[in-house]
Amino acid sequence: MRLSNIARVIWRSLMFLFLLPLLRSAHAQEIRVAAAADLKFALDELGGRFERQMGRKIDVTYGSSGNFYAQIQNGAPFDIFLSADIDHPRKLEAAGWAEPGTLYEYAVGQIVIWMPVAARADLATLEWKALLQPGVERIAIANPEHAPYGRAAVAALRNAGVYEQVRRKLVYGENIAQAAQFVASGSAQAGILALSLALSPAMRGGKRWLIPANTHPPIEQGAVILKNAKDKDSTRAFLTFLKSDAGRKILESYGFAAPSPHVASVPHQ
């Protein structure tokens, strides 16, 4: 090997050794977020705004809140947990898995019946009865065993007196995003979904009817910083942004109501 080639190899090796700590540092600056699936579109916008303002990226994993709750207790490497309910973060805090005093109710979720625009049923007029129409063979909801939106859907169906009539039609998504995928793809003819997903670009053209909030337990969504967070200062900054007026406006634009007795609504469509 020529001397010049040897010099290049040595130079590249030295540059790699020099850059490696910087690459590790940049990766460490990413805030690792475990987020409920209903937050997908809102958090994309929130994360982009936060990154531009604070220079910190967020690395988001979406899934069901119940599964995240179990994973965090088994040491899953997340910095902050944005749950679709507040009970799981509250339990993590009580068990010592979360930073004390960081529990925060960031939103109240809302649910809708959603059907494709081509559906024959007049959803705005029929409301719950739309699920009883002959053409509706499958109704997608999130799995109520570990997804708060699934539990809210079942409670609302029971309150409306139609649960027994539709029980055999129900198909369960692992989380609310998968339930939305079932109905958007045509695998189900209707779904009881998070309003935040019904307002997403792919689904906002469909038919939706907002299910009254008093027909199911409130979907109080909570956040908490986890004990094993690597960069607690950056994670606290992200939580602060979530609480800010800018964060609040983004959440509201995606159908999340403010955590108060008044629940915002969207006109029937």
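**Note on the predicted model**

1. With a relative accessible area of 30%, E127 is partly exposed. In this note, buried stands for under 20% relative accessible area, exposed for over 50%, and partly exposed for what lies in between, with a 1.4 Å probe and protein chains only. E127 sits in the loop between α5 (123–126) and β6. Although E127 is not a glycine, its phi is positive, at about 50°. Most residues other than glycine have a negative phi.

2. The structure is a predicted model, in which local features need pLDDT of at least 70 and side-chain atom pairs count only at pLDDT 80 or more, while totals for chains, interfaces and linings use all residues. Residues are numbered from 1 along each chain as its sequence is written, and side-chain values use heavy atoms, with hydrogens and water left out.

3. The protein chain contains 11 helices and 10 strands. These elements are DSSP runs numbered from the N terminus: helices are H or I runs of at least four residues, and strands are E runs of at least two. Of the 269 residues in the protein chain, 46% are buried.

4. Contacts (heavy atoms within 4.5 Å) can be sorted by separation along the chain. Among those in the protein chain with a separation of 6 or more, 74% are between residues 24 or more positions apart.

5. Strand β10 pairs with strand β3 (residues 80–82) in the antiparallel sense over 3 bridges; two strands pair if DSSP finds at least two bridges between them. Here L82 has A223 of β10 as its bridge partner. Strand β4 (residues 104–109) also runs antiparallel to β10, joined to it by 5 bridges, and A107 is bridged to Q221 of β10.

6. Strand β6 (residues 139–142) has I139 and I141 pointing one way and A140 and A142 pointing the other way, and all of them are buried. Parallel pairing links β6 to strand β7 (residues 170–173) over 4 bridges, with L170 of β7 as the bridge partner of I139.

7. R32 belongs to strand β1 (residues 31–36) and counts as buried, at 17% relative accessibility. Its side chain makes a polar contact of 2.7 Å with the side chain of D79. A polar contact is a pair of N or O atoms within 3.5 Å; within protein, one must be able to donate a hydrogen and the other to accept it, and residues adjacent in sequence count only if both atoms are side-chain atoms. Beyond its neighbours within four places in sequence, R32 touches D59, P77, F78, D79, I80, N228, A229 and K230. R32 and K230 are 198 residues apart along the chain, yet their C-alpha atoms are separated by 9.1 Å.

8. S234, in helix α10 (residues 232–243), is buried, with a relative accessible area of 7%. The side chains of S234 and D231 are joined by a polar contact of 2.8 Å. Leaving aside neighbours within four places in sequence, S234 is in contact with I31, F50 and R56.

9. The largest pocket has a volume of about 210 Å³. On a 1 Å grid over the protein atoms alone, a pocket is an open set of points with protein on both sides within 12 Å along at least five of seven lines, a cavity is a set of points where a 1.4 Å probe fits but cannot get out, and lining residues have an atom within 4 Å of a point. Grid points are joined across faces, edges and corners, and a volume is the space filled by probe spheres set on the points. The lining of the largest pocket comprises 13 residues, with D85, P148, R151, P217 and P218 nearest its centre. Two or more residues of this lining come from each of α4 (87–94), α6 (148–160) and β10; the largest share, 4 residues, is that of α6.

10. The whole structure holds 3 cavities of 30 Å³ or more. The largest cavity has a volume of about 60 Å³, and its lining includes A36, D38, S64, A84, P148, Y149 and N175.
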